[in-house]
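Thanks for coming. I would like to walk through one model this morning, so please look at the sequence and the structure on the screen.

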Amino acid sequence: MTNVQFDKWLKGLKDAWETKNPEAAIDLYSENIVWHYTPFAEPLRTRQEILTEWQTVPTGHKDIIVSYEILVTTDKFGIAHWSATFTRIPSGEKAHLDGIYKVSLNYKNLCTEFHQWYNAE
């Protein structure tokens, strides 16, 4: 994976989250995906399971701002530092997430393996 490929994928994820578009998010993942939302839960293994998670975004978040910085890319994966701020709906509570992504992409630039670790305030 190159920095350019990883940046394109991360931009797609950022745009999907900020525009609250679950369908755009799911288009970033391959059919053969292993998606680790946290290191403590069983991974999701289908695009439908991931879509179900993403469908909470349009009704649960507003005023979303996402940023990221690529830390490293290798032939097999990329690692990025990311952060997001948003307002929770309907509580109005402000949220700030700060974390790390580890992502593997296939030759079509679709994610085949996704890991994230984050802290929430």
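I will go through the pocket, the cavity, the aromatic rings, one serine and then a few backbone points.

First, the ground rules. This is a predicted model, so local features need pLDDT of at least 70 and side-chain atom pairs count only at pLDDT 80 or more, while totals for chains, interfaces and linings use all residues. Residues are numbered from 1 along each chain as its sequence is written, and side-chain values use heavy atoms, with hydrogens and water left out.

Let me start with the open space. A pocket is found on a 1 Å grid over the protein atoms alone, as an open set of points with protein on both sides within 12 Å along at least five of seven lines; a cavity is a set where a 1.4 Å probe fits but cannot get out, and lining residues have an atom within 4 Å of a point. Grid points are joined across faces, edges and corners, and a volume is the space filled by probe spheres set on the points.

The largest pocket holds about 340 Å³ of space. It is lined by 19 residues, and those closest to its centre are Trp17, Tyr37, Val57, His61 and Gln116. Two or more lining residues come from each of α1, β1, α3 (47-54), β3, β4 and β5. The largest share, four residues, is from β5. By type, the lining of this pocket has 14 nonpolar, three polar and two charged residues. Here Ala, Val, Leu, Ile, Met, Phe, Trp, Tyr, Cys and Pro count as nonpolar, Asp, Glu, Lys and Arg as charged, and the others, Gly among them, as polar.

How many cavities of 30 Å³ or more does a search of the whole structure find? The search finds one, and the volume of the largest cavity is about 40 Å³. Its lining consists of Leu10, Leu13, Lys14, Trp17, Val66, Tyr68 and Tyr101. Both α1 (3-18) and β2 (61-73) supply at least two of the lining residues, with α1 giving the largest share, four. Six residues of the cavity lining are nonpolar, none is polar and one is charged.

On to the rings. A pair of aromatic rings is described by the distance of the centres and the angle of the planes. Rings of Phe, Tyr and Trp (its six-membered ring) pair if their centres lie within 6.5 Å; planes under 30 degrees apart are stacked, over 60 edge-to-face, and the rest tilted. That rule gives 12 aromatic pairs. Tyr29 and Phe114 are edge-to-face, because their ring centres are 6.2 Å apart and their planes stand at 85°. Since Tyr29 is in strand β1 and Phe114 in strand β5 (residues 111-120), this pair ties together parts 85 residues apart in sequence. Both Tyr29 and Phe114 are buried, where buried means under 20% relative accessible area, exposed over 50%, and partly exposed in between (1.4 Å probe, protein chains only).

A second pair, Trp82 and Tyr118, is tilted, at 6.0 Å centre to centre with 55° between the planes. Trp82 belongs to strand β3 and Tyr118 to strand β5, 36 residues apart. Trp82 is buried at 1% relative accessibility, whereas Tyr118 is partly exposed at 32%. Ring pairs also build a cluster whose members include Trp9, Trp17, Tyr37 and Tyr101.

Next, Ser30. Is Ser30 buried or exposed? Ser30, in strand β1 (residues 29-36), has a relative accessible area of 5%, so it is buried. Beyond its neighbours within four places in sequence, Ser30 is in contact (heavy atoms within 4.5 Å) with Arg47, Asn106, Leu110, Cys111 and Thr112.

Last, the backbone. Ile89 and Pro90 are joined by a cis peptide bond, with omega about 5°, and Pro90 sits in the loop between β3 (78-88) and β4 (94-105). Lys20, although not a glycine, has a positive phi of about 55°; it lies in the loop between α1 and α2 (22-26) and is partly exposed at 30%. Asp63, again not a glycine, has a positive phi of about 55°. Asp63 is in strand β2 and is exposed, at 53% relative accessibility.
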